[in-house]
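Subject: Structure handover and findings

Hello,

Here is the structure I promised to pass on. Please open it alongside this note, and then read what I found.

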Amino acid sequence: MENKLYGKKVIWNGDSICYGSAEAGNWATRIAERNAMTYKNYSAGGGTIAENTPPLNGGYRRHSVSETLERMYEEHPDADYIMIEGGTNDADLLGNALECAEETKLGSFKPFDFSGNYDADTFCGGLESIFYRATKYWTGKKIGYIVAQKMGRSEKIYLNRRHYFDCAVEICKKWGIPYVDLWNSCCINPNLDCFYVKENSADDNKKMNIGYYTDGQHLTANGYDITAEAVENWMKNL
């Protein structure tokens, strides 16, 4: 059976989930090594989809997928696959849309607005801006969005994050962007003891590869193994 990924170039952009870690690796390295792909991972810890979000501790500017899309295109206009991930930090930083919608920067979208005039300082506007530009920059190439795995042990945080991802899925449908929803299609769950050993420190879980989560959000090597397989299988069918 033909491997559609073999020898192709893929570029990634997202937050710490897509970036991974030295101990656990990430999706990009696993998938590239198994399929002889070339790749570049632009992801960064603390990253958001939206632009101009609150800075990191110490006042450092936070990574934005929307803001770095131009750099991706300038450096890799010949990319075959463009994989976008993100939304968790947007949900945590831009407000709980389930409790105080008027105060959030979740944003909104209109089903028939393809003008490009989107408020990239909001999550919805930032994601629309990404898709609007990406479909022009990489016309005919494989552009995809990844909804990360279940994250968060607090019900309030858990439900708000899922609400942002639900909006992202609807935006993907509007733009015809394929997506893989690891949250709903992958069995791992930080609220189940068999997947997350909360008694251990995050460092111990990560370094000793215990369970699937280091801290109820970020993944161990085990966690990347199972989610990378799901992402890879999805990419092979784009």
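Start at methionine 235. Setting aside its neighbours within four places in sequence, methionine 235 is in contact with Leu5, Val10, Trp12, Ile31, Tyr81 and Met83. Please keep in mind that this is a predicted model.

**The core**

Methionine 235 belongs to the largest nonpolar core, which has 66 residues. Which members touch the most others? They are Trp12, Trp27, Phe123, Tyr145 and Met235. Helix H6, residues 155-175, gives the most to this core. Its share is nine residues.

**Helix H3**

H3 spans residues 65-75. Its buried residues are Val65, Ser66, Thr68, Leu69 and Met72. Viewed down the axis of H3, the buried residues fall within an arc of 145°, so they line one face of the helix. What covers them? The cover includes strand E1 (9-13), strand E3 (81-85) and H5.

Look at the start of H3 too. There, a side-chain oxygen of serine 64 comes to within 3.3 Å of the backbone nitrogen of serine 66.

Two residues in the loop between E2 and H3 deserve a look. One is glutamate 51. The other is arginine 61.

Is glutamate 51 buried or exposed? Glutamate 51 is buried, yet it has no salt bridge. The nearest side chain of opposite charge is arginine 133, 4.3 Å away. Glutamate 51 does have a polar partner: its side chain makes a polar contact of 2.7 Å with the side chain of serine 66. Serine 66 is itself among the buried residues of H3. Beyond its neighbours within four places in sequence, glutamate 51 is in contact with Ser64, Ser66, Glu67, Ala120, Asp121 and Arg133.

Arginine 61 is exposed, with a relative accessible area of 58%. Its contacts, leaving aside neighbours within four places in sequence, are Asn52, Leu56 and Glu67. Two polar contacts involve its side chain. One is with the side chain of asparagine 52, at 3.1 Å. Another is with the side chain of glutamate 67, at 2.9 Å. Glutamate 67 is also on the contact list of glutamate 51. How far is arginine 61 from glycine 47? The two are 14 residues apart in sequence, and their C-alpha atoms are 9.8 Å apart.

**Salt bridges**

How many salt bridges does the structure hold? There are 16. Side chains of opposite charge can pair when their charged atoms come close. Here are some of the pairs.

- Glutamate 75 and arginine 71 meet at 3.2 Å, N to O. They are four residues apart in helix H3, which separates them by about one helical turn. Glutamate 75 is partly exposed, at 39% relative accessible area. Arginine 71 is also partly exposed, at 40%.
- Aspartate 166 and arginine 162 have their closest N and O atoms 2.8 Å apart. They too are about one helical turn apart, being four residues apart in helix H6. Aspartate 166 is partly exposed, with a relative accessible area of 37%. Arginine 162 is buried, at 11%.
- Aspartate 92 and arginine 161 meet at 2.8 Å, N to O. Aspartate 92 lies in helix H4 and arginine 161 in helix H6, so this pair ties together parts that are 69 residues apart in sequence. Aspartate 92 is partly exposed, at 40% relative accessibility. Arginine 161 is buried, at 4%.

Salt bridges link Arg34, Glu232 and Lys236.

**One more loop**

Finally, glutamate 102. This residue sits in the loop between helix H4 (88-93) and helix H5 (123-137). Is glutamate 102 buried or exposed? Glutamate 102 is exposed, with a relative accessible area of 65%. Tyrosine 118 is 16 residues from glutamate 102 along the chain. Their C-alpha atoms are separated by 18 Å.

Best wishes

Note on methods: Residues are numbered from 1 along each chain as its sequence is written. This is a predicted model: local features need pLDDT of at least 70, side-chain atom pairs count only at pLDDT 80 or more; totals for chains, interfaces and linings use all residues. Side-chain values use heavy atoms; hydrogens and water are left out. Buried means under 20% relative accessible area, exposed over 50%, partly exposed in between (1.4 Å probe, protein chains only). Contact means heavy atoms within 4.5 Å. A polar contact is a pair of N or O atoms within 3.5 Å; within protein, one must be able to donate a hydrogen and the other to accept it, and residues adjacent in sequence count only if both atoms are side-chain atoms. A nonpolar core is a set of buried Ala, Val, Leu, Ile, Met, Phe, Trp, Tyr and Cys residues joined through side-chain atoms within 4.5 Å. Lys and Arg count as positive and Asp and Glu as negative; His and the chain ends are not counted. A salt bridge is a side-chain nitrogen of Lys or Arg within 4 Å of a carboxyl oxygen of Asp or Glu. The arc is that of the directions from the helix axis to the C-beta atoms.
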